[in-house]
Amino acid sequence: MTDLPVQLENVTKRYGAFTAVNDLSFAVKQGEIYGFLGPNGAGKTTTLRMLLDIVQPTRGRISVLGSNSAISVRRRIGYLPEERGLYRKMKAADSIAYFARLRGLSGAAAKKRAHALLEEFGLGEFARAKNEALSKGMAQKVQLLATIAHEPELLILDEPFSGLDPINQQTLEQLIADQRAGGRTIIFSTHVMQHAERLCDRFLIIAKGEKRFEGTLSEARAGFGRHIHVRSSAPAAAFEALSGVLSVRLERGGDESDYDVELSENADPQDFLHQAIAAGLVLTRFEQAGATLHDIFVALAGDEALAPHEGARAEAAE
Amino acid sequence: MKQILLIAWREYKQYVLSRGFLIFLVMFPLGLAGLTAAMGFAERSKPTRVFVVYDETGQYADEIDREIERRHALSTLNAWNIYLAAYTPAEAAEALPAPFAPDGVSDARVKAIEEAGGYAAGEAAIADILRPGAPPFTAPRGQFERVAGPAELAAASSVEDAESILRPYLLEERGVVRADGEAAPLFAAVLIPQGFGVSNETVEDAPSAQYWSRNLTDTALEDLVGNALDAALKREAAEAMGLPRAALDDVAAIAAPFEAYRPDREAEEAQLDTQDRVETLMPAALTYMLLVIIFGVGNLLLTNTIEERSNKIVEILLSSVTAGQLMMGKLIGIAAVGLTMPAIFLFGGLAGSVALGAGGASFLGPVFAALFSSPLLLIYLFYFFCAYAIFAMIFLAIGAVSNSLQDAQSYMGPVMLLVFAPLPFMIMVFENPNGFIASLLTWIPIYTPYAVMMRAAADPPLWEIVGATALMLAFAIVLVRFLGRIFRNAILQSSPPKAREVWRLARRDAA
């Protein structure tokens, strides 16, 4: 077992003249949940497919579980693609067992595990039901269970929350947390920041096929100015005049307005408060806030998030 | 390899263990048995067809009766052969005295049986070897009966008169009376005018005999009467030439001893037998089977690849196996589906031939001998799988670039044309296995398997077969790589590529 189950070094993927992923490097540590964030068409799926050796990089080096090709270690990997389906005429338990067998489990073990997982996740009575008879939510659970049935060391989940109802989202969050508690390494891509914020130890933000950030949430926040929410009848210009203030944004106008005040990286919020009192500004609200992952994401990939069409070409080419 | 076999097994199971296929498996022999039984029942339940002969010459009614009797004797003898095959052990039956032992159906054997005491003597001869519970032998019912017809027919003064008398009977407005006193509809009337025959004129100048019947589809009686009159006139002619009438029967019974030989064998083995004939037909049969299988499984490959693509299963599969393993698994699984049906027929036939004993063995024995003892079988199998691989890959690639059957239709037309294009030429290859067309098709890689299978038994030039096979294998490798790239590159695309992009997908390793 390696300390860095996944490593990418200067990986580039081109489709003709179009560059889907450009000089991307990152590493995932053993036992962590690694978020792979980016707007639609940013190159997330291409990167994950390269990790799995489903598509080959144009340039660069990839190491997965100590191997240069995921093909040789695919039995130790569980993969849930963004677009996933099941054979309509196959039974639920058979589907899970089939994919587990393809990933190395013996026939008997795969069958046993399939039934156990279906029981555990409340689908025991549907084990012999054909997939076409399952509800969408049930089918999604079956797909998830098929991904983990062979007990992989590394789980790669591409947009696992997309299309899930809130109950299944919660089930999946719990499943990811349980898998991590079991010592597994998990990479999941998403463009829904709340999940990443709740689950990820570290994350990578990718846009236009290029890395914009890699690290923990607190590291990301450190790179951004601190925000203070204040309510006052004073005009915005009065706050802008204080030292350490980068910008003041009106959130809600009125007799008393709400402002989002962004301080410079080294500014102290207490110092801001002292300065405001000394200047005779009356504050009826003073609240310190760190940047959310959403803020960070929009700041780093905002142009992409707003105009995903360019990136979508990569998805179409995939 | 395990993964390939797993994929192949899933593909195989999906179709072969499906309800439809199993129902077909049960229904097919039942249907076949039902059809045979229905045909037998239809034949047995066919009413005896009653007819009238108005013969102004007074000479030919007896000739027709004789022909009816002769045919009935032959069909009785045929029934005897079937009875022996069904109810006596083959070896014991072979050991019976000559006219009663299983043999060909001929007038001479009919005569020999009569002389040996008829079927009663035959039944006595087989009494000891008859299987327990066997029913007694019964001769088939007569198919035709000539009746005198209505009384007023005797008063008819001409053929026209007779026709107008008989018309209401032929239109079943009135019935005639059979020999046993039962009333029956009149099936046909034969009117023979004065002057019919060859006595003093040439046959061409003589007036025609007429056959009247409302039933235009059942021509058995019409054929029988025609044959009987032909034979009668030939006998008359023979007599006019000074030969006794019976001499013509003797002449007609002569069958020239004629045997066919092949020069590529030693003298004692050179005579052609049934197995040789079957071996000659086998390439054509296998080529036909190949086409049927390619067409059948091609559609399976297509629909199932489209399902995996449109249901988004393929990416999960590709995270577990390589595109090459996936392709190979599908090819093997679907090939097995394609071969299951012929295998079932083959083993069904084998079981049938065992069950039928001597009768079945005489028919199916040479087929199995040709299939299993011929050194050509391995050659056929080799080319069979080459052709399958080439065409199956084409279907796989079409499946990979299509999200629906509708998408696939635009590619299927040209492919089907390609698959079936050699059919019209195959008859030429069959008849002249070393001719120009045969050579030409041999050198076209996609048709090499068909052409070589058709020619294999005719000793084509070795250099030509080796050269064309090498070319075909090289072509197959290039094609498999080319189509394999299309499969790999297209199968993960969310929307199907346009036709003009397919070439680009094959040229670059876009994955």
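Residues are numbered from 1 along each chain as its sequence is written, and chains are lettered from A in the order in which they are written. Because the model is predicted, local features need pLDDT of at least 70 and side-chain atom pairs count only at pLDDT 80 or more, while totals for chains, interfaces and linings use all residues; side-chain values use heavy atoms, with hydrogens and water left out.

Start with the two chains. In chain B, 25 residues are in contact with 31 residues of chain A, where contact means heavy atoms within 4.5 Å. The size of an interface is often given as the accessible area lost when the parts come together. Here the buried area is about 2,700 Å², with 53% of it on carbon and sulfur atoms; buried area is the accessible area (1.4 Å probe) that two parts lose on being put together, summed over both. B:R10, B:E315 and B:I316 supply 21% of the area that chain B buries against chain A, more than any other three residues.

Side chains of opposite charge can pair when their charged atoms come close. Between chain B and chain A the count is one salt bridge, that is, a side-chain nitrogen of Lys or Arg within 4 Å of a carboxyl oxygen of Asp or Glu. This salt bridge joins A:R49 and B:E315, at 2.7 Å from N to O. Three helices of chain B, α1 (2–16), α10 (274–310) and α11 (314–318), each supply at least two residues of the side that touches chain A. Helices (H or I, at least four residues) and strands (E, at least two) are DSSP runs, numbered from the N terminus. The largest share of that side of chain B, five residues, comes from α1(B).

Over all chains, the count comes to 31 salt bridges. One of them pairs A:E159 with A:K44, with the closest N and O atoms 3.5 Å apart. A:E159 lies in the loop between β6 (154–158) and α5 (166–181) of chain A and A:K44 in helix α1 (residues 44–51) of chain A, so the pair ties together parts that are 115 residues apart in sequence. A:E159 is buried, with a relative accessible area of 4%, and A:K44 is buried as well, at 3%. These words have cut-offs: buried means under 20% relative accessible area, exposed over 50%, and partly exposed in between (1.4 Å probe, protein chains only).

Another salt bridge in chain A joins A:E173 and A:R198, at 2.6 Å from N to O. A:E173 belongs to helix α5 and A:R198 to helix α6 (residues 193–199), so parts 25 residues apart in sequence are tied together. Are these two residues buried or exposed? A:E173 is buried, with a relative accessible area of 16%, whereas A:R198 is exposed, at 53%. Elsewhere in chain A, the residues A:E32, A:R202, A:K211 and A:E214 are linked in a network of salt bridges.

In chain B, B:E152 forms a salt bridge with B:R174, the closest N and O atoms being 3.8 Å apart. B:E152 is partly exposed, with a relative accessible area of 32%, and B:R174 is partly exposed, at 44%.
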